[in-house]
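Work through the exercises below with the model open beside you. Try each task before reading its solution.

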Amino acid sequence: MAEPARPPGGGGAGGEGLGRSRGGFTSKLHLSADGRCRPLSLVITGGQRADCTQLTAVLEKIRVPRTGPGRPRTRPDSLAADKAYSNGPCRTYLRRRGIRHTIPEKSDSQAARLRKGSRGGRPPGNDEERYKKRNTVERAINKLKQSRAVATRYDKRGYVFLGTATAAALIIWLRT
């Protein structure tokens with residue numbers, strides 16, 4: 001028996017941003033925020049999806065219009081992320097795009113680097129003062145969750161939930 005055709009946009013649980021995780025059948029909202037806790041880009045994935053796999057998707061969606069003429073900005077000045085993004089591919093991507101980043105090193109990565117001795121290389125730089133500003137993303141998520149529809153996700157379709165989250169982000173932008 002042939003499989004039924006999937007609707008455009010993926011369809012199925014994967015296309016709806018739902019997936020199994022420790023908490024059950026859930027979804028994740030990956031986002032970037034500016035220094036004033038305003039969301040810049042939103043990506044929805046299944047609950048089992050790792051954060052580090054969505055770094056490029058989140059950063060590629062950033063579009064900040066300029067006050068004068070010209071194309072919108074697509075590259076942030078700097079990025080502060082947690083240890084979930086402390087891996088080689090994420091750091092390579094950020095270096096290639098010329099984005100300054102502050103990401104602390106995982107303890108197991110640090111132990112492996114130290115075990116290698118001089119072949120382990122230098123530790124990645126970590127500016128503690130800049131890392132303290134990482135809480136702006138957490139505060140942006142809390143502002144989004146002030147909208148009950150975002151906090152509970154009653155929407156069944158992924159694109160509808162993304163629209164709900166985008167509407168909540170627009171309200172945040174209009175209030176600031």
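Buried means under 20% relative accessible area, exposed over 50%, and partly exposed in between (1.4 Å probe, protein chains only). The model is predicted: local features need pLDDT of at least 70, side-chain atom pairs count only at pLDDT 80 or more, and totals for chains, interfaces and linings use all residues. Residues are numbered from 1 along each chain as its sequence is written, and side-chain values use heavy atoms, with hydrogens and water left out.

**Exercise 1.** Find how many salt bridges the model has, then classify Glu 129 and Lys 132 as buried or exposed.

*Solution.* Start with the rule. A salt bridge is a side-chain nitrogen of Lys or Arg within 4 Å of a carboxyl oxygen of Asp or Glu. By that rule the count is six. Glu 129 and Lys 132 form one of them, with the closest N and O atoms 3.3 Å apart. Now the accessibility. Glu 129 is exposed, and Lys 132 is too.

**Exercise 2.** State which parts of the chain the salt bridge between Lys 28 and Asp 51 ties together.

*Solution.* Take the distance to begin. The side chains of Lys 28 and Asp 51 meet in a salt bridge at 3.4 Å, N to O. Lys 28 sits in strand β2 (residues 24-33), Asp 51 in the loop between β3 (39-46) and α2 (55-60), so the pair links parts that are 23 residues apart in sequence. Helices (H or I, at least four residues) and strands (E, at least two) are DSSP runs, numbered from the N terminus. Lys 28 is partly exposed, at a relative accessible area of 26%. Asp 51 is also partly exposed, with 26% relative accessibility.

**Exercise 3.** Decide whether Arg 38 is buried or exposed, and do likewise for Asp 34.

*Solution.* The two residues form a salt bridge: the closest N and O atoms of Arg 38 and Asp 34 are 2.7 Å apart. Arg 38 has a relative accessible area of 13% and is buried. Asp 34 has 16% and is buried.

**Exercise 4.** Trace how β2 pairs with β1 and with β3.

*Solution.* Two strands pair if DSSP finds at least two bridges between them. Begin with β1 (residues 19-21). It pairs with β2 in the antiparallel sense over three bridges. Ser 21 has Gly 24 in β2 as its bridge partner. A hairpin of two residues joins β1 to β2. Move on to β3. β2 and β3 are antiparallel, over seven bridges. Ser 32 stands opposite Ser 41 in β3. The hairpin of β2 and β3 has five residues between the strands, and Cys 37 there takes a positive phi near 65°.
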